[in-house]
Structure formats: C-alpha cells, structure tokens
Amino acid sequence: MEHLSEKECKSAGMAVRDTLETISGKWKLLILLTFYKGGRRRFRELVKELNISPRVLSKELQELEMHKLVSRTVCDTRPVTVEYDITPYCKTLAPVISAMKDWGEQHRVEILGKKNTSENGGE
C-alpha cells in the first residue's frame, strides 16, 4: 500500500473498521465458509455442522442478515423449518476471505515453519 494522505488514511481506517465489525467474531466467518462450501442450510444443520449453540447461531445469523450477507427463508413445512444461504452481495466477500486464507497460510509457515495440513485447522 502506497503512502496515504491523512484524509485517505482516515477513510481507509474507517473502511477497514467497518469490514472488521461486519465479519468479526468467533463464528461469522466460519458460518459464511459453511455456506460457501455447501450452499443453503437449515438452522439445525448449521448447529450440528458448526457445533455451535442455537442461541449463539441465531444471534450471529441475525447480524449477518442485518448486514445483507445472509438470507433467511421460512419453509412451508410442518414443523416449520428455516433455511439460510449467502446473498449475492455476500459473494463480493469471496476475494477478501480468499486473501485472508492465503495470508493465514503464509503466516503459519512464517511463524511455525509448516503448512496447515488438516481440514479443521489442527496440526
């Protein structure tokens, strides 16, 4: 990144802060990655797949929906089921998430001297 003026730096800082506030936390990126990997999911499927409490998942999904990253569909079933999926707008985050993955892999090699070889992030 080239040298920025004070005004450009403040603007960039605000943009980065907005991005971090939108996708930060322990679960948001993991939830989004689940959708990127496998598409639409029912609430209970997400609870099981992510091993997350229903209360926490509900809160995270509400925030993602508020930021227009996730859509919620109430299905006409008995009992009522709710499905979630990423929105077209959320797909604009794909390059950001990909860059974070790439940087994380480089960082792991830099700090630990080895690549992450397991799918769940372990050694």
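A residue is called buried when its relative accessible area is under 20%, exposed when over 50%, and partly exposed in between, with a 1.4 Å probe and protein chains only. The model shown here is predicted, so local features need pLDDT of at least 70 and side-chain atom pairs count only at pLDDT 80 or more, while totals for chains, interfaces and linings use all residues. Residues are numbered from 1 along each chain as its sequence is written, and side-chain values use heavy atoms, leaving out hydrogens and water.

**View 1. F43 and Y84, a buried couple.** Both F43 and Y84 are buried. Their rings form a tilted aromatic pair, 6.4 Å centre to centre with 50 degrees between the planes. Rings of Phe, Tyr and Trp (its six-membered ring) pair if their centres lie within 6.5 Å; planes under 30 degrees apart are stacked, over 60 edge-to-face, and the rest tilted. F43 sits in helix α3 (residues 43–50) and Y84 in strand β3 (residues 81–86), 41 residues apart. Helices (H or I, at least four residues) and strands (E, at least two) are DSSP runs, numbered from the N terminus.

**View 2. Where α3 meets α4.** Here F43, R44, L46, V47 and L50 of α3 touch P54, L57, S58 and L61 of α4, contact meaning heavy atoms within 4.5 Å. By type, these residues are 7 nonpolar (Ala, Val, Leu, Ile, Met, Phe, Trp, Tyr, Cys and Pro), 1 charged (Asp, Glu, Lys and Arg) and 1 polar (the others, Gly among them).

**View 3. S98 on helix α5.** Look for S98 in helix α5 (residues 94–112). S98 is partly exposed because its relative accessibility is 34%. From G25, S98 is 73 residues away in sequence and 18 Å away in space, C-alpha to C-alpha.
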